[in-house]
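Dear colleague,

Please find the structure below, handed over for your review.

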Amino acid sequence: MVEPTVPDVMFGCWRRAWIEYADGTRDESGTVVWLQTESAMVDVRIPVDRHAPRDLTGFEECTFDDLVSIASSDASSGFTECTPAIVGADGTRSATATWHTRGHGINFHPISAFPEPGWMTWNDDGTVMTECAPSGAYAEEWRLVPSSRDHMAMSVAGDTITYVAGDVAVLVRDRRIPIPRPARLDDLLREHHDDRPFVEALLDCEFSVAELSGDRWTITASTLPWREGQVVDVDR
């Protein structure tokens, strides 16, 4: 039994409803999924404007612009630490969360776009969670996927780690080469644009969201576009 490092109200699979940045820009698009177990977490963010087509079969068919587009996604895994939830006078629960990913999990980008902790609040029934950066850089609203707290698991098979929360799973596989330096992927791609095999190897890091329908698990979003629509085996 894993010792919980987050309050149980944080358990489950969460889908982002929106994010609002400090400049007032608001984004309600894309696929953003956060799966949180008693301690382990995985977060996958696929922007709606990623233009790399799903009918590609692999890196060899990608133009360099396609590769840069693939790098516009983001994802990470590791574990979460959270202070105990405090109940305010209005009944709202709140806590401060810290995500440990660098050195503790797999990261699509070598550095985080938003490395600070998050101030979390939950509504009365724990199905809506708001995350705010202490600096004011962003605020996000998350909605709990129904029944995703009923079964949570993490397993390892070969080079793939699978996280499960209810009928949602995330399959994670790390790249097979070391990162040359801490930087965002798109910067590294442009820096090494004349070394195509190296660029492809940098991007070959998979975070795939799979959803259960009937008895089939199908990938609905992935950092590797050609994985979307594929049926996969998920051990629950």
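Arg-26 lies over the face of Trp-18, 4.1 Å from the ring centre; a charge is taken to sit over a ring if NZ of Lys or CZ of Arg is within 6 Å of the ring centre and within 35 degrees of the ring normal.

Please note that this is a predicted model, in which local features need pLDDT of at least 70 and side-chain atom pairs count only at pLDDT 80 or more, while totals for chains, interfaces and linings use all residues. Residues are numbered from 1 along each chain as its sequence is written, and side-chain values use heavy atoms, with hydrogens and water left out.

A search of the whole structure finds 5 aromatic pairs (rings of Phe, Tyr and Trp, the last by its six-membered ring, with centres within 6.5 Å; planes under 30 degrees apart are stacked, over 60 edge-to-face, the rest tilted). The ring centres of Tyr-21 and Phe-114 are 6.2 Å apart and their planes are at 25°, so this pair is stacked. Tyr-21 belongs to strand E1 (residues 12-21) and Phe-114 to the loop between strand E7 (93-100) and strand E8 (118-122), so the pair ties together parts 93 residues apart in sequence. Helices (H or I, at least four residues) and strands (E, at least two) are DSSP runs, numbered from the N terminus. Ring pairs link Tyr-21, Phe-114 and Tyr-138 into a cluster. Tyr-21, at 29% relative accessibility, counts as partly exposed, as does Phe-114 at 36% (buried is under 20% relative accessible area, exposed over 50%, partly exposed in between; 1.4 Å probe, protein chains only).

Asp-43, in strand E4 (residues 40-46), counts as buried at 9% relative accessibility. Its side chain is joined to that of Arg-45 by a polar contact of 2.7 Å (a pair of N or O atoms within 3.5 Å; within protein, one must be able to donate a hydrogen and the other to accept it, and residues adjacent in sequence count only if both atoms are side-chain atoms).

An open sheet of 6 strands runs in the order E11-E12-E13-E14-E15-E16, with antiparallel pairing (two strands pair if DSSP finds at least two bridges between them). Strand E11 (152-157) and strand E16 (231-232) stand at the edges with a single partner strand each, so one side of each is left without a neighbour in the sheet. Strand E12 (residues 160-165) pairs with strand E13 (residues 168-173) over 6 bridges, and Val-164 stands opposite Ala-169 in E13.
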